[in-house]
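Dear colleague,

Please find below the structure that I promised to hand over, followed by notes on what was found in it.

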Amino acid sequence: MALHGLLALMTTMHLAGVLCNVESTFDEITPQIYEPSWMYKCVPDEGCQRSEHPRPTLSDNSTSAFFDSLDVCRIVCGRFGGIWPKPVTAALSSQTVKIHPNYLRYDLLNVPAETRELLVEMTQVISNNLLAECGGHVTEVVDTQVVVIIVVKTAITSLNWNTDEQYMLDVQTRGGEVSVHIEAETIYGARHGLETFSQLISSDKRDFSDVEHCGLVLVSGAKIRDRPIYKHRGLVLDTSRHFIPMVDIKRTIDGMATTKMNVFHWHATDSHSFPLEASRVPQFTRYGAYSGSEMYTTEEIRELIHYAKVRGIRVVIEIDAPAHSGNGWQWGREYGLGDLAVCVNAYPWRHLCIEPPCGQLNPANPNMYRVLRNLYQDVADLLNSPPLLHMGGDEVYFGCWNSSQEIISYMKDQGYDTTEEGFMKLWGEFHNKALQIWDEEISAKGLDPQPVMLWSSQLTQAQRISQHLDKERYIIEVWEPLNSPLLTQLLRLGYRTVSVPKDIWYLDHGFWGRTVYSNWRRMYAHTLPRDEGVLGGEVAMWTEYCDAQALDTRVWPRAAAVAERLWSDPTSTVYSAEPRLQRLRTRLIARGLRPDAMSPAWCSQHDSKCL
Amino acid sequence: MMSWGDALWLGLTARFARVGRLRRAVLMLAAAACTAAAVLYWKQQTDDSANRPLHSMYSGIEPQWSWLCQHDRCERYQASDTTTLQSLQTCNMLCASTQLWPQPTGPVSLASAAVPVRSDRFSLKVIASPSRDVTKHINEAFIVMQNHMRTLEHGVVGENRRSDIGPPRDVLVKVSVNGSGDPRMRLDTNESYKLALRPSGNSLVVDITAHSFCGARHGLETLLQVTWLDPYAGSLLILEAATVVDAPRFPYRGLLLDTARNFFPVSELLRTIDAMAANKLNTFHWHVSDSQSFPWKLDSAPQLAQHGAYGPGAVYTSDDVRTIVKYARIRGIRVLMEIDTPAHVGRAFGWGPEAGLGHLAHCIEAEPWSSYCGEPPCGQLNPRNPHIYDLLEHVYREIIQLTEVDDIFHLGGDEVSEQCWAKHFNDTDPMDLWMEFTRQAMHVLERANGGKAPELTLLWSSRLTRSPYLERLDPKRFGVQVWGASQWPESRAVLDAGFRSVISHVDAWYLDCGFGSWRDSSDGHCGPYRSWQQVYEHRPWATETPESAAWPVEGGAACQWTEQLGPGGLDARVWPRTAALAERLWADRAEGATADVYLRLDTQRARLVARGVRAAPLWPRWCSHNPHACL
């Protein structure tokens, strides 16, 4: 066959003088049909390894340790199988049972009626994820009944730092029937339980298979007790430096749900662009969006917030201010409102802002607060209750404010010197006025005052923060590098914090300037202080050098490493996490994401062999 | 922010006077704008605004920007502030920068006006062609170009083509090739071309003249670059006139992709090749196999993939290779397949004993790996087993047959572990074994190539290409792909000794660097990340030494090794950095990453994205909108 093929090829060749002297030595030895000659073996404490050992016979007692499919091997191999993030405790069977989504039923009888609608949506997401394991089509039909009985104790549907996310998951297989019990205080706990349930399931397809046949298998028995260590497990996505289409944001949310992250910190605006439609102030997008198609309509935002909620994720909208505000704010004069922002798009920029384009809100202009109030009203209308607003608050450049005569004379009127401390007062005044506006607006909706988030800055330095920012009201998101004492200092002062050490959990680092890329190992290895005041952490995807084209590979699987750090804060090594993360990666791919490769595929086929 | 009165005045006089032919035709002084201005002016005067809700003051116009070329820069304005509505794309094309990438090396003159065109109104006439084969290739390359235009047109949403831009012009593309009748990219291929685009009556005529198919194809690529989609006009536009005289500085302009550490489907390879063509790169260096996997199923030795592939879905068949080669050929690109030996082999060569051929390789997946190779898993051919040379002859023959590249060949040859061989052959110096292996491999390569050595047979730089071993290699037969850091003396030594070289310095052109270590025990990775600016500014041949004038630098290649890269991330890792390399090797301008380079590369990046390539952005989108403000 091969010989004929070659000869036929030769006749079409352009190469003169090539003599084809095919010896048959190599053709005779093995047949042409590709027959993979390995299986995966679960090696205790190491993981799944491709093994050339002859296929064990069915009567062989060791059958259970060999698998055709790497993914199936992973869901039963090791104490935590293929679950990411690692649960607190898990006992998993090493047996599997074949299932089909058509015979999967959810029993919601023991769920408060108020939560049922949302829970139904949650189960739909899970069912779709199971189909996705097989590329949308589970060809192998088995009629094993799978009943998922969900018990939810409270009718709470709001999502905040007090939301109880713990769950219990039990899977039992008896007489050709699988019963799955999920018990949780809230539907969000139940959702995490469902997510974990879906991670006990895998397609039985071989990796790098060329066949369409696909069935689903489930770990036949499991007992899992689980709850998060940190309450705030977030991802920052910047949609101002580049516009990120909704479909890409949703895909990112899917990844977050897969890894039980619970806060989508939407850095919606910056000085570069203002893509967030505000119905009360349409000027923001008109003057701030990159184009008519590069903005988020109110409708889309609402839909996204619901999309996230169904996935157990709270959306925090950040309106960065008073710095990082420019485009979108530059229309004040034209509308008779004076300068709402100063040094917008100023050039040369180096003394006025951290990066072009510059822009800082004008705290001397009462109209600015009026517009801000309108914006906050719109944000409050959009967010689920209790609404969490991030007020930004980073990288204020006094040089910018100092360049405005209007601001300088305002400061004189207020009795502020034009010294560093004077500008600090102005800055602090801005935040407190903004907070007051926010409080008024949510109180108008009948809600109690809510804490707001703020980036760490010069204003939040230990010796200064107490004068300007009330620790009961502000949660400080600390992005100082690892060697900074600020986080510890703020904790000592009694502030609640969210930690995003920039030199380790910033996803954009390593592509610009002198920043260094943290790979998942480095991100995973970092731990946060176990302190009441540490609500949790975030990974941050700033998008100066990233847009929708590169988004997935920049974020995944690295964000997942942080997700596990925040969920279970494991003491085990990076090395022992790798097989589970490899499984997570294939799961993310099945769910439509494009995570980066962590190693040569050979290493994922040979756990523990690439140390 | 200027007042409305000022804006109106400027719009009526200064700006309108600068408007070119197209802009006058396309872009309006809309009565609507006047009305809006008047209304707004009135609003500004009335001072009850403090109490009215903001949205009632809003004039209700979609966010829209207009770009005007002022002082050789495209400046962004609110569309309502200007009398003309011009897209960023059109402004960029008609303003100061050529917007061509890579920058042509000969004289360029471009019109500052554009006319509407449509992909299906382009027609081709081959005026002169040295062979039928070349004619066929020109026809296919023309269709490729037309398809790219069609893809751009798909970007026009719905039926929003503006009627006032006038009817699309017919474009007649006349191609003359006077020279080689061989359409392949060869070492001696003359890639120069001339392009002349001019209006002729109501239509346009393009003359492309070249000395080879590849040159003519480059001309078509340049023609594609002076054609763009104007989203405001809802139409393709083309410069009304242009002349470009162009030729590359270096004959070898490559990108290496490793398909062994991670497998990449054929579609990813094709897209990469298409992006290479957009940048006039000419060599797809396909590092097919390595110790981790052997994804190519040869007809003459299917065992290699049977034992070495990650799975049956991670295999390139001969048909796949032919598809890739043909696709590349039409795009002026040679496919240089590298089966790396004698190191960097693995389980693919592990079936010798059971086939009665003895050990074809040693140290396969030996542990601890750090004793026998640079990264897991290990493996190295057995230079004493004569069957290995028979097998290599099959491999080489099939490479040459499938790729139809017979003037240049890559033998691999890097990172041989002396310890591995020393363990099995304690009677011989491993360096002698290596030298002997290389000779033998060269010998079977000659046989596989019809008894004739390829004009240039490349080896990776290694201990073998350093003194005292370098002296034992023949610079008439071997060339060296130099990958050591640029400060290393090895590049210079190799070049001084007269070896034709392809530069791939790890500290400038390794695209895999900067992602940390993918294994626990070693930090054998390179870092930091090489930015596109670093890629661009690397000019190792530009030294003061007198010998350098005679250095036989063939060109260079960016290397995308894939230990930490899978299919989904390929594009953003490779592009736009490899585009930066493409201009370095094509034009080799003495300047570094200047403002003009940013502008042109940003446009080129947008072209790649429009072609379906997920290239990473250069900077925030605001900087694309306000290019000069970020420099």
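**Notes on the model**

Pro468(B) sits in the loop between β17 (456-460) and β18 (478-482) of chain B, where helices (H or I, at least four residues) and strands (E, at least two) are DSSP runs numbered from the N terminus. The peptide bond that leads from Ser467(B) to Pro468(B) is cis, with omega near 5°.

This is a predicted model, in which local features need pLDDT of at least 70 and side-chain atom pairs count only at pLDDT 80 or more, while totals for chains, interfaces and linings use all residues. Residues are numbered from 1 along each chain as its sequence is written, chains are lettered from A and ligands numbered from 1 in the order in which they are written, and side-chain values use heavy atoms, with hydrogens and water left out.

A cis peptide bond also runs from Glu367(B) to Pro368(B), with omega near -5°, and Pro368(B) lies in the loop between β14 (361-362) and β15 (380-381) of chain B. In chain A, Glu395(A) has a positive phi of about 50° although it is not a glycine, and its place is the loop between β18 (389-392) and α9 (398-402) of that chain. Most residues other than glycine have a negative phi, and most peptide bonds are trans.

Chain B is assigned domain 1 (106-246) and domain 2 (252-341 + 376-629), with bounds that come from an automatic or database domain assignment. The C-alpha centres of these two domains of chain B lie 31 Å apart, and 23 residues of domain 1 are in contact with 26 residues of domain 2, contact meaning heavy atoms within 4.5 Å. Between them the two domains bury about 2,200 Å², 50% of it on carbon and sulfur atoms; buried area is the accessible area (1.4 Å probe) that two parts lose on being put together, summed over both.

Across this interface the rule finds six salt bridges, each a side-chain nitrogen of Lys or Arg within 4 Å of a carboxyl oxygen of Asp or Glu. The side chains of Arg184(B) and Asp406(B) form a salt bridge at 3.8 Å, N to O.

Over all chains the count comes to twelve disulfides, defined as pairs of cysteine sulfur atoms within 2.5 Å. One disulfide joins Cys48(A) to Cys73(A), S to S 2.1 Å, and this link is left-handed, with -100° about the S-S bond.
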